[in-house]
Amino acid sequence: MPVILLILSSVILVILIVMTYRITGIIKKQTEEAEQERSGWIQGYVYAAIVFASIAIIASIYWMVKGTVYEGHLMEWLNIVVRVMHITFGIAWIGASFYFVFLENALNRTENVREELAGNLWAVHGGGFYYLEKYKVAPKTIPKHLHWFKYEAYFTWASGFALLFIIYYFNASALLIDNNVLKLTAGQAIAIGIGSFIVGWVLYDQLCKSPLRRHPVLFALTGIIILTGFAYFYSHVFSGRGAFIHFGAMIGSIMAANVFFVIIPAQKAMVGAAKKGIPPDPQKGKNALFRSIHNNYFTLPVLFVMVSNHFPSTFGNQYQWIILAAISIGAAGVKHWLNLREKGMLSVWIMPVSVLLLLAVAYVTAPQPSTTKCSTVNFTEINAIIQQRCIQCHSSKPTDDLYTKAPNGVVYDTPDDIVKKKDLILQRVVLTKTMPQNNKTNMTPEERDAIRCWIEQGALTN
């Protein structure tokens, strides 16, 4: 069955790719704008079909190699490819967000500005001069070629969602579920994760439609309370890493939903009205800008979450939800200061307070020295602990049910391997207690203390 699906999906994919070239040729020959728009919609559906065909090919290959030595290799390369796609699309989306908010903030709105314009801006880049104008609502004649900034958002979200499945949902028992936090089945954990994204969007969307939108300070405080509530919820349901990544995925989903449900529909409505000679509704543009600015503030917290999984002092902290909320608020504060600066406004307190908040997080998450006295610990005892608790994954030939290759290439096959990684072991096993992953092998506090004493005594092997 997987072989048949692979062949069928591959044939369909080739046909769809050929269709995209044919449709592009047809669009170039069409003169009527309505025909071009219709062909563009068809091409969009073809692109979507290409994505589904590619997913079917990957799924069929996965079924073919599942349970073999190639399964881990396939998952590793899926991780690499999708992660690179996610980062690339994310750079394009965040870059566009930063750029257009900069334009909005830096527009000249008073000097030699025509009545129909909201402002203009001169810029120099790459050896050339650029002149940009923003209309209050829309130009009298809509240009034939109009660029839409939307696919960066869609593909960032789609690749991120795929990455969530590849890393966390396919390995839910290893990376997402921590039985010391809450006992869940893989299905329950995935349903909670996806369901929380929907709840997050509904709460945020209703907040944007509430009277609070006319009171920026109250609106921001309410948003912070809601986000902190999600951080608390995730930290009491998932593992530390799972909680952080779901917080970021929830915010990222809100950002993508803003584009799909509010920003692009508003832009389409305004373009459609202008083409019909009807004055566009300026409120739609204001609503789109309102959500776009929110996306701009969300970017730095999301970027932090993307890299936080490499730093266990954050997600491994006892009060991880407070750490997550504090860093998100501090990062958003830094972005607010930058936005004000682009407007030519300066705040004397926003940047210092944001920096102090981030420094406070760094201070609070610092490791506390142990006061427990150490007896002499020999390597034989430490090696026995590692062989019992760590070697299942961290070996050249792992026996773990999920990892077929040592995570990050870290192996403890020989005494030299263990000694070389003593600093990493101290950080992950002793200080942050984030290894073994979700304490899958039930390492005891006494064993962690023994490892600490051995390292403090010089990490000797004789």
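This is a predicted model: local features need pLDDT of at least 70, side-chain atom pairs count only at pLDDT 80 or more; totals for chains, interfaces and linings use all residues.
Trainee: How many helices and strands does the secondary structure of the protein come to?

Mentor: By those rules there are 16 helices and two strands, and the C-alpha atoms fill a box of roughly 85 × 65 × 45 Å along the principal axes.

Trainee: Where does P436 lie, and what joins M435 and P436?

Mentor: P436 sits in the loop between helix 15 (422-431) and helix 16 (445-456), and the peptide bond from M435 to P436 is cis, with omega about -5 degrees.

Trainee: What makes N442 stand out, and where does N442 lie?

Mentor: N442 has a phi near 60 degrees, a positive value in a residue other than glycine, and N442 belongs to the loop between helix 15 and helix 16. N408 likewise has a positive phi, of about 60 degrees, although N408 is not a glycine, and N408 is found in the loop between helix 13 (379-389) and helix 14 (415-420).

Trainee: Why is N408 called exposed?

Mentor: Buried means under 20% relative accessible area, exposed means over 50%, and partly exposed lies in between, using a 1.4 Å probe and protein chains only. N408 has a relative accessible area of 81%, and therefore counts as exposed; N442, at 52%, is exposed as well.

Trainee: Why does T314 count as buried?

Mentor: T314 has a relative accessibility of 10%, which is below the limit for buried, so T314 counts as buried. T314 is placed in helix 10 (residues 312-315), and, leaving aside residues up to four places away in sequence, T314 touches F244, F304, S308, Q320, I323 and I327, where contact means heavy atoms within 4.5 Å. Across the protein, buried residues make up 41% of the 462 residues.

Trainee: What makes helix 11 roughly antiparallel to helix 12?

Mentor: Two packed helices are described by the angle between their axes and the distance between the axes. Axes are lines fitted to C-alpha atoms, for helices over the stretch in contact, and angles run from 0 to 180 degrees between N-to-C directions. Angles under 35 degrees count as roughly parallel, over 145 as roughly antiparallel, 65 to 115 as roughly perpendicular and the rest as oblique. Helix 11 (residues 320-342) and helix 12 (residues 350-364) pack at about 155 degrees, with their axes 8 Å apart, and that angle therefore makes helix 11 roughly antiparallel to helix 12.

Trainee: How are the residues of the contact of helix 11 with helix 12 divided?

Mentor: Among the residues that meet are I323, A326 and W337 in helix 11 and I350, M351 and L357 in helix 12. The contact divides into 14 nonpolar, four polar and no charged residues, where Ala, Val, Leu, Ile, Met, Phe, Trp, Tyr, Cys and Pro count as nonpolar, Asp, Glu, Lys and Arg as charged, and the others, Gly among them, as polar.

Trainee: At what angle do the axes of helix 4 and helix 8 cross?

Mentor: The axes of helix 4 (residues 151-169) and helix 8 (residues 240-275) come within 10 Å and cross at roughly 155 degrees, so helix 4 is roughly antiparallel to helix 8. The contact includes Y154 and W157 of helix 4 and A256 and F260 of helix 8, and by class it has 11 nonpolar, four polar and one charged residues.

Trainee: How many aromatic pairs does the structure hold, and why is the pair of F260 and F261 called edge-to-face?

Mentor: The structure holds 24 aromatic pairs. Rings of Phe, Tyr and Trp (its six-membered ring) pair if their centres lie within 6.5 Å, and planes under 30 degrees apart count as stacked, over 60 as edge-to-face and the rest as tilted. Y99 and F100 are 5.5 Å apart centre to centre with 70 degrees between the planes, and therefore form an edge-to-face pair. F260 and F261 are 5.0 Å apart centre to centre with 90 degrees between the planes, and so are edge-to-face as well. F260 itself is partly exposed, at 47% relative accessible area, and F260 and F261 are among the members of one aromatic cluster that includes Y154 and W201.

Key
Residues are numbered from 1 along each chain as its sequence is written. Side-chain values use heavy atoms; hydrogens and water are left out. Helices (H or I, at least four residues) and strands (E, at least two) are DSSP runs, numbered from the N terminus.
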